[in-house]
Amino acid sequence: MEKLCDYFFIYFCPNLMICKNLFIGIAISNKLYIFFFSLLLPSRRVERAMDTLIAQLQRRFCDFTISLYHQGFLDDQFTELKKLQDECSPDFVAEVVTLFFEDCEKLISNMARALDQTGNVDFKLVGSSVHQLKGSSSSVGAKRVKGLCVTLKECCDSQNYEGCVRCLQQVDIEYKTLKAKLQDLFNLEQQIVQAGGRIPQVDI
Amino acid sequence: MGVETESKFHVLAVDDSLFDRKMIERLLQKSSCQVTTVDSGSKALEFLGLRVDDNDPNALSTSPQIHQEVEINLIITDYCMPGMTGYDLLKKVKESAAFRSIPVVIMSSENVPARISRCLEEGAEEFFLKPVKLADLTKLKPHMMKTKLKKESEKPVAIEEIVVSKPEIEKEEDSSVIEILPLHQELESEQLEPMLSSNKRKAMEEVISTDRSRPKYNDITTSV
């Protein structure tokens with residue numbers, strides 16, 4: 001195996017000979033395909049392969065972001081959030097989004113508990129919780145969640161028990177769906193950065 | 001860089017929601033303001049140095065022990081808060097002699113015209129609908145300028161500031177004064193020794209150190 005690796009290096013990328021042991025070590029232990037690439041190809045080809053990889057990731061990121069807006073998961077306010085992220089606050093969007101999902105969990109569970117008290121439902125509590133959730137979903141740009149909060153608030157104001165229960169279930173599903181989507185988006189960002197690329201500005 | 005922060009606007013943000021506090025804090029920081037956040041109206045009053053009497057919640061007294069070391073240029077508060085609402089806080093600030101000059105801005109997630117007009121009538125400078133955007137905060141600069149300038153005219157002004165800002169001081173309009181503040185910041189990083197070493201400037205220094213009233217600035221400007 002060692003001899004084979006040596007032949008690969010000497011023939012295909014002599015410039016990497018110096019750190020070949022390191023490469024092999026990393027390749028075997030971390031299974032990073034990037035380093036496997038460098039085992040097989042000359043360095044210029046490696047650069048070009050990386051550029052293609054970054055470009056592909058960036059295109060996937062743009063397409064995914066645009067789809068989130070078009071499908072109504074996100075709206076302009078999410079764009080505003082991104083404006084607030086910079087070198088001083090590089091993880092702002094992720095932090096705010098995490099806070100929002102924690103809020104969702106807490107408020108939805110409060111409302112579920114209130115609605116569970118059949119015959120003695122505290123609609124005022126449900127109302128104030130949904131008001132808070134509506135506010136934070138609006139600030140984050142979670143368009144679908146906000147829309148459902150509006151409906152839930154109406155059911156609550158008219159003390160429509162069945163409506164509240166149904167709506168709350170939908171809010172629960174919706175926030176979890178958004179959470180998964182945003183996680184995918186953040187993962188894509190990380191992959192781009194790890195590959196040495198820049199996260200593109202997406203014009204909606 | 002440390003000196004630069006002194007010339008930044010200091011905003012007191014009041015909101016009971018942690019999420020909203022984080023949002024408004026970042027928005028204000030992005031607009032180059034120094035921010036202090038509190039989660040209630042009563043904490044805001046405490047921070048300002050206004051003690052609320054436990055026996056009579058309507059009575060306000062400036063605590064003799066608490067000196068307001070922090071200069072606040074603007075208060076931005078949520079309307080809907082448990083206990084003291086943003087409107088109550090607005091009223092208390094405007095009723096106090098010491099703090100009524102601080103501009104107050106109200107935020108709310110609900111668009112209720114009656115609420116908006118009530119707040120504006122009580123003395124609020126602006127009423128923002130949530131979610132607040134970066135563009136909304138640009139409206140705050142003129143309000144904050146007013147308090148900053150008032151305080152600056154009372155403070156003894158450093159010589160360096162006078163040297164560079166004198167061309168603008170002749171006309172005391174808001175627009176020209178706005179230019180002065182950025183110059184302060186530029187100044188801090190510049191070398192001032194060469195400028196002050198000339199004889200002319202030394203003469204001005206003597207003039208400045210004896211009398212710091214505004215009219216004297218005009219004399220200085222004309223001499224150059």
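How much accessible surface does chain B have, and what share of it belongs to carbon and sulfur atoms? About 11,900 Å², with 50% from those atoms. Keep in mind that this is a predicted model.

Let me stay with chain B for a moment. Its secondary structure is 12 helices and 7 strands. The chain has 224 residues, and 42% of them count as buried. Now take its contacts between residues at least 6 apart in sequence: 63% of those join residues at least 24 apart.

On to chain A. Here we have 9 helices and 0 strands. Chain A has 204 residues, and buried ones make up 42%. Of the contacts in chain A with a separation of 6 or more, 61% are between residues 24 or more positions apart. Chain A exposes about 11,900 Å², and carbon and sulfur atoms supply 54% of that.

Next, the interior. In soluble globular proteins, nonpolar side chains tend to be buried together. The largest nonpolar core in this model has 74 residues. Which members touch the most other members? They are F100(A), L133(A), L178(A), L182(A), L28(B) and I76(B). Helix α6 of chain A, residues 92-116, gives the most to this core, with 13 residues. Domain 1 (2-74) and domain 2 (83-184) of chain A both contribute, so the core lies between them.

Look at L178(A) on the structure. Leave aside its neighbours within four places in sequence. L178(A) then contacts F73(A), L74(A), F100(A), F101(A), A142(A) and V145(A). There is also a second, separate core of 24 residues. Its members include L12(B), Y87(B), F99(B) and I106(B).

Last topic: helix α7 of chain A. It has 18 residues. From first C-alpha to last it reaches 25 Å, close to the 26 Å expected at 1.5 Å a residue. Its buried residues include F123(A), V126(A), V130(A), L133(A) and V140(A). What covers the buried residues? The cover includes α5 (76-83), α6, α8 (143-157) and α9 (161-194) of chain A, together with α2 (18-30) of chain B.

UniProt lists H131(A) under "modified residue: Phosphohistidine", and that is an unreviewed entry. What does H131(A) touch, not counting residues up to four places away in sequence? K153(A) in its own chain, plus S109(B) and E110(B).

Definitions and conventions
Residues are numbered from 1 along each chain as its sequence is written. Chains are lettered from A and ligands numbered from 1 in the order in which they are written. This is a predicted model: local features need pLDDT of at least 70, side-chain atom pairs count only at pLDDT 80 or more; totals for chains, interfaces and linings use all residues. Side-chain values use heavy atoms; hydrogens and water are left out. A nonpolar core is a set of buried Ala, Val, Leu, Ile, Met, Phe, Trp, Tyr and Cys residues joined through side-chain atoms within 4.5 Å. Buried means under 20% relative accessible area, exposed over 50%, partly exposed in between (1.4 Å probe, protein chains only). Helices (H or I, at least four residues) and strands (E, at least two) are DSSP runs, numbered from the N terminus. Domain bounds come from an automatic or database domain assignment. Contact means heavy atoms within 4.5 Å. Accessible areas come from the Shrake-Rupley method with a 1.4 Å probe; for residues, only the protein chains shown count as cover. UniProt positions are given in the numbering used here, feature names are shortened, and annotations may be inferred rather than shown by experiment. The expected span of a helix is 1.5 Å times one less than its number of residues.
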